[in-house]
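I opened my notebook to walk through this model one stretch at a time. Here is what I looked up, in the order I looked.

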Amino acid sequence: MPSKSVLLIVPAVDFNEQEYLTVYGELIKNGFKIFIASDAHTICTGSNGLKVKNDVNFFNMREANFGAVVFIGGHGVRNYWDNQSLHVIAKKFLAAKKIVAAICSAPVIIARAGILDGINASCFPEDKREIERERGIYSDAPVTVAKKIITAQGPASAKEFVLRIINELNKV
């Protein structure tokens, strides 16, 4: 069942380990199947050295196979803000009425994909201007839900973020 499968997009280097571990752990605990996507050849490395093996590369992500796509943040995610493959996948998930979620600096990816135009979104506060530059409406709330788009500020809001994702997935 695709709604019980979640695609977690993790930067190849310098992803936020707290966000990753919180989101991954809660999804697993709630019975979801997780697939890690990255452009790393085999292993992603977190900001404190945590190693995570990816299952899927950016070119093999298919929205029909998942209930949600979740972009994990951290310093390394800034290298993906203009990644066209990620922009396309965010648009495809939204067009298929699937959940698109991003935390920390990752909401800039979906903003640059053009899907936050006129939409309220949370992000790492230092990235506020990036969201507004793409015509998103910055929200200083820890987590913001706008239709099928869920965004969050960072590690401190990771638990609330993933619980909102789970709540939305369970509605399907």
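**Entry 1: around helix α2.** I asked what covers the buried residues of α2, and the cover includes β1 (5-9), β6 (68-71), β7 (99-103) and α3 (107-112). For my own reference, helices (H or I, at least four residues) and strands (E, at least two) are DSSP runs, numbered from the N terminus. I also noted that buried means under 20% relative accessible area, exposed over 50%, and partly exposed in between, with a 1.4 Å probe and protein chains only.

The model is predicted, so local features need pLDDT of at least 70 and side-chain atom pairs count only at pLDDT 80 or more, while totals for chains, interfaces and linings use all residues. Residues are numbered from 1 along each chain as its sequence is written, and side-chain values use heavy atoms, with hydrogens and water left out.

Back to α2 (residues 84-95): I found that its buried residues are Leu86, His87, Ile89, Ala90 and Phe93. They sit on the same side of α2 because they cover an arc of only 165° around the axis; the arc is that of the directions from the helix axis to the C-beta atoms. On the other side of α2, I saw that Gln84 and Ala95 are exposed.

**Entry 2: the ends of α2.** At the N-terminal end I found a cap: a side-chain oxygen of Asn83 lies 2.9 Å from the backbone nitrogen of Ser85. Just after α2, I noted that Lys97 has a positive phi of about 60°.

**Entry 3: the strands.** Next I followed β6, where Ala68 and Val70 on one side and Val69 and Phe71 on the other are all buried, so both faces are covered. β1 and β6 run parallel and are joined by 4 bridges; two strands pair if DSSP finds at least two bridges between them. I saw Leu7 standing opposite Val69 in β6. β6 also pairs with β7 in the parallel sense, over 4 bridges, and here Ala68 stands opposite Ile99.

**Entry 4: the core.** Which residues have the most contacts inside the largest nonpolar core? They are Ile9, Phe71 and Phe161, in a core of 63 residues. Helix α5 (residues 158-171) gives the most to this core, with 6 residues. Such a core is a set of buried Ala, Val, Leu, Ile, Met, Phe, Trp, Tyr and Cys residues joined through side-chain atoms within 4.5 Å. Not counting residues up to four places away in sequence, Ile9 touches several residues, among them Phe58, Val69, Phe71, Leu86 and Ile89; contact means heavy atoms within 4.5 Å.

**Entry 5: a loop alanine.** Is Ala106 buried or exposed? Ala106 lies in the loop between β7 and α3, and I wrote it down as buried because its relative accessible area is 0%. Leaving out residues up to four places away in sequence, Ala106 touches Phe71, Ile72, Gly73 and Val77.

Entry 6: My last stop was Ala146 in strand β10 (residues 143-146), which counts as buried because its relative accessibility is 14%. In the loop between β9 (137-138) and β10 I found Ser139, and a polar atom of its side chain lies 3.2 Å from the backbone nitrogen of Ala141.

Notes. Polar contact = N/O pair within 3.5 Å; in protein donor to acceptor, adjacent residues only side chain to side chain.
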